[in-house]
Amino acid sequence: MIGEISHFFTIIASCLFLLSFIFSTRTYQSNHNIEILVSRVFSYGFYFILISFLLYVWLAIQSDFSIKYIAQHSNKELPVFYKISSIWSAHEGSMFLWILFLALWSQLFNINLSKKNILKAPAIGLLAFILFGFLMFLLFTSNPFEVILPIAPINGADINPVLQDPALAIHPPFLYLGYVGFVIAFAYNTAFLIKGDMDINWERVVRPWSLAAWILLTIGISLGSWWAYYELGWGGYWFWDPVENVALMPWLAGTALIHSLYVSSRTKALKSWTILLSISVFSLSLFGAFIVRSGIIDSIHSFANDPQRGLYLLGFSAILITISLAFYAYRLPVLISTNLVASKSKEAFLSINNIIFATLIFAVFLGVMYPLIFDFMYGERISVGPPYYNTIFAPLTFLASIFLVFSVGSLWKRSSQLFFINSALSASILLSTLITLYLVSLFNDFNWWFVGGLFSSFLILFRYLILIIYSFYEGNYFNKASAIAHIGLGLLILATTFNASLSYEKVINIKPGETYTAEAYEFTLINFDLINESNYDSVRAKFSVKDINSLNKVFFLYPEKRKYFIRGQITSESAIKITPTKDIYMTLGDQLDNGYWVVNIQYNYLIRLIWIAAGVMCLGALATFTQSYSKK
Amino acid sequence: MIKIFFIIALIISPYGFSSEVYKFKSVNDEDRFYALIHEIRCPKCTSGSIASSNAPVSEDLKMKIAELINQGYSDTEIKDYAKKRFGKDILYDPEINSTTFVLWFGPFIFLTLILFGFLLRRKFK
Amino acid sequence: MKNLIRSLIILLPLFGIYFFFNILTEEKFYPGADFRSFEVPNFELSALDLDVKYTSEDFDNEFLMNVWASWCITCRVEHGFLMKLNNDGYNIVGLNYKDNKSDALGWLKKYTNPYSLNIHDPKGSLALDMGVTGAPETFLVKDGVVLVHYSGEVNKVIWDNVFFPIIKENKMFQ
C-alpha cells in the first residue's frame, strides 16, 4: 500500500514539474502571475517527491520485501542505518536519491531567490524540465517501485558486505549533493543566456550556490578516497579508475568555476570563461552519470548491457548540454570582454588558472575516453592508468603552483610590481629551494616529481606563511579564506608527494609465535581469534608490534578475514595504526597449507594529511561565506 | 668469537623468524617488483592492479614476476611477457607510440594552443 | 576565427554524442575470443593419468587445448560438446588447471574422457604462461602457434563463429 502511494507521489511530482516547465515557457508574455505559478507548482512538485522518498525510506526500514529493489539490496538482519543506506547502494535507488537532491537544491534555490529576479521563472522552469527528464528515466527504465508478485520473499538478499560501512554509506549522499548542486549555476546561467540581457548580475546569484556545492563535492570525493583506503585493503587512496575520474572532472571544473566567478563578480573580465565553466560542471556531472550507469566502460570487457538506459541518459544529457552550449555560442560575441586583462594583474593570473584547469580536465577526459576510442578504431583493448595520469598531472600541478605563488599580492585591473623585487616572493623561492634540497638529499630521492612536488608545496606554504605573518604585523587586509584554502592545497601536494616517494610494502609468510622485522618495527604474530557475528564469521589475527625507535613501545594490530554468510563473500579487514608521520597498515592474506599465513605490511607516509588537507580547503571555502557578507 | 656467536644463537632460537613471500637479491630488485605489480592490471578483475588483487591468477602472476626478476629479466622484458599472454591492456601504462601519440601529447598541445590563442589575442589588440 | 570557435562549441558535443551512440548500439560479439597469436611456451609437466612427463614435443601439429578442472562447473556443461568434437575427429589436449589429481581423475571417470592426452598443471604454471585466467578456456594451435584463445564455454555457436572460420582459413584438420 505504502509502496503504491510512494510510486504514485513520484508520478504526481513528475506531472507537477512538467507543468512548472510548461508555465515557464509562457512567461514571455510577461505575465507576472505565470511566474509565481512556475515557482509555486515547482514547490508542490518538490513536496511530493520528498514525501515519496520518505515513504520509500519507511519501506526500507520496515523491510518491505514486496518491493523488488529493497528485496534485492536489503535484509532483515541489517542495522537500520544500513537498511536506509542500502537504498542508494545500486542503480535504481541511487538514481532516486540523485533526483531527490536535484529537487532539494532546486527548491532551496526556489525559496531563496527573490520573486523580482527576472531570471527566476526561466531558471526554475529549466530545473523543472531537468527533474522531469530524470523522473521519466527513473519511472520508465530504472523503476525502484517494481513489485514482486504474487508473494513477497520472506527475507531479502544481503547487500555486498563491502558496502556495510559507515563511510561508504554516507559517501554517495555527499557526492551527489556536490554533483547536483552545480545544477543551480547551470540552470541560472542557461536562463541568462536565453534571455540575453547582459546587464543582469548573475555572478552574485551563482557564486554562493557553486561554493556550497563545491564544498560538498570535495567532502564526497574525500570520503570515497578515505573509504577505499581503509576498506579495500590495497592501501592506496586514488587509483585513477574511470569511476573516480568522472567524479574528478566536475570537481576540477567546479574549482576553476569558483575561481573564475571570483573574478567575474568583481570585474568585467572572464565572463565568457565563467559561463562556459558553469555549463561544464553540470555537463560533466551528467557525463559522469552516463558513463557509470550505461555500462559503457565495462563494455570493453563484456557484452553491451541493456543499452536502453545508456541511450536515454545520452539523449537527455545531449539535449541539455547542446541547448545550453548553443545559446552560449550564440551569445559569445557579447560575452567576450572587449577589454583585455592587464598584464600580471589578478585577472591575468586567474585566466592562466582557467587555462591550466581546462588542460587538466582535458587530460582526464582523454584518459577516460582513450580506451573506448582505441577499441573503436583499432579493435584492440588498451588500459590507461596511474602511469599516464600521474605523469600528466604532476607537471601541470607544479606549473599551477608557480602561477599561484606569483599571483599572491597581485592587484585588480593593474599590473603588480616587478616580480623578483618582491621580497616575499624571493624569500619563498629561496626557502623552498633550501628545504627541497635538504629533503631530497635526506631521503635520497632525486625523482623529478619528488623534487617538483616538494618545491611546489613548500613554495605555496611559505608564500602564504609570509603573507599571514606580514599582514599580522602590518595590520593590513588579506584574503583569509583564500589563504586557508591554498594552504590546504600546499599540504595536499606535500602529502601526496611524500606518500608516493616513501611508501614501503612487504608481503610475508608468518605463523603464530614468529616475528618479522620491517625497518623500525618488529611484528610478532601472537595468535588467532575466531569470531562469530550475526552476519559473518571471522578469523582475527593478533599482532604485537614493537617500535624499536621509541623505547620499544608496543601496540597491537588485529587484521581480520571475514566470511559473510548470505553471499559467502570473503573480505579482508585491514588493521591500521596511525602515527604522526605514517600509517602502519596490515592486511591478512590467505592461509597456506603448512599453517603459515600471508600477511601484507605497509607504511603509508603522510596519508592522513591528504584528507586533512582536503578539509582545510573546505574550511577556506566556508570562510568565503563569512567574508562576502562582512564586505557588504 | 665462537662463544659469542653461540650465545647469540641461544638467545634468538626460541623466536621463529618468518620470511618474505617474494625474495630478491637486492633492494633495487625488490623496489622494481613492488613498482611493477602496481602497473600491471589484474586479468580477471573489472579494475585494479595485481598488487591490490588476491585472485588466483593475480597471485600466480606476482610469483612469476618475482621469478623473472630474480632470473635477471628487465622491466621491459617482464612487461612484454605479460603483454604477450594477456594483451596490451594488461599494462596500465599505455606506452608512447604512434597510436598513443594523441593521448600523451594531447594535453600539452591543448595547453599550448589555448595559451597561444590567449597571448596572440593580446598582441593583436 | 570567432565563428570557428562558436561552431566548434556546437559541433564537438554533437560529434561526441554520435560517437557514444555508436558504441552503445554496436553489437559486441564473442568478447571471450582473442585472436592474438603467440608461440606455445616450453614446459615440462606430468601427465594426469599416466606416469610420464609431457613437453611441447608431445603435441601434434594441429590440436585444441582445453583448460578444465573438477571444480569448474561450466566445464561440465561444455563437456558434452567436447565429446562431440572428439567424435568428429578433432584432437583435444586437456590442461587440468589447479586441480587435485584424484579429483580430476574422478571427474574424468564420471563424465568420460574427451582428451587425447591430459596434462596435470596443479600450480597453473603452463596456464599462466599461456595467459589463462580461469576455466574453461580453449586454444586452437597450429605448428606450435596459438591462433585462437577463447575464454568461456565452447558450444556450437562459438565453434561455428569463432573457431571454425580460423580452422578453414588455415586449412587445418584436413
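Colleague: How many residue pairs are in polar contact between chain A and chain B?
Modeller: The count is 11 residue pairs, both residues at pLDDT 80 or more. A polar contact is a pair of N or O atoms within 3.5 Å; within protein, one must be able to donate a hydrogen and the other to accept it, and residues adjacent in sequence count only if both atoms are side-chain atoms. This is a predicted model: local features need pLDDT of at least 70, side-chain atom pairs count only at pLDDT 80 or more, and totals for chains, interfaces and linings use all residues. Side-chain values use heavy atoms, without hydrogens and water; residues are numbered from 1 along each chain as its sequence is written, and chains are lettered from A.

Colleague: Which elements of chain A supply the side that touches chain B?
Modeller: α13 (346-378), α14 (386-407), β1 (504-510) and β2 (514-518) each supply at least two residues. Helices (H or I, at least four residues) and strands (E, at least two) are DSSP runs, numbered from the N terminus. The largest share, 12 residues, comes from α13(A).

Colleague: What does β1(A) join in chain B?
Modeller: Strand β2 of chain B, residues 19-20. The two run antiparallel, joined by 2 bridges. Strands pair if DSSP finds at least two bridges between them. A:Ile508 stands opposite B:Glu20 in β2(B).

Colleague: And salt bridges, how many across A and B?
Modeller: The rule finds 2. It asks for a side-chain nitrogen of Lys or Arg within 4 Å of a carboxyl oxygen of Asp or Glu. B:Glu30 forms a salt bridge with A:Lys506, with the closest N and O atoms 2.7 Å apart.

Colleague: How many residues make the contact, and what area is buried?
Modeller: The contact (heavy atoms within 4.5 Å) takes 49 residues from chain A and 41 residues from chain B. About 4,100 Å² is buried, and carbon and sulfur atoms give 64% of that. Buried area is the accessible area (1.4 Å probe) that two parts lose on being put together, summed over both.

Colleague: New topic. What about chain C against chain B?
Modeller: There, 12 residues of chain C are in contact with 13 residues of chain B. The buried area is about 1,100 Å², with 51% from carbon and sulfur atoms.

Colleague: Which three residues of chain C supply more of that area than any other three?
Modeller: C:Arg36, C:Leu128 and C:Thr133. They supply 51% of the area that chain C buries against chain B.

Colleague: How many salt bridges between C and B?
Modeller: The count is 3. B:Asp60 forms one with C:Lys98, the closest N and O atoms being 2.6 Å apart.
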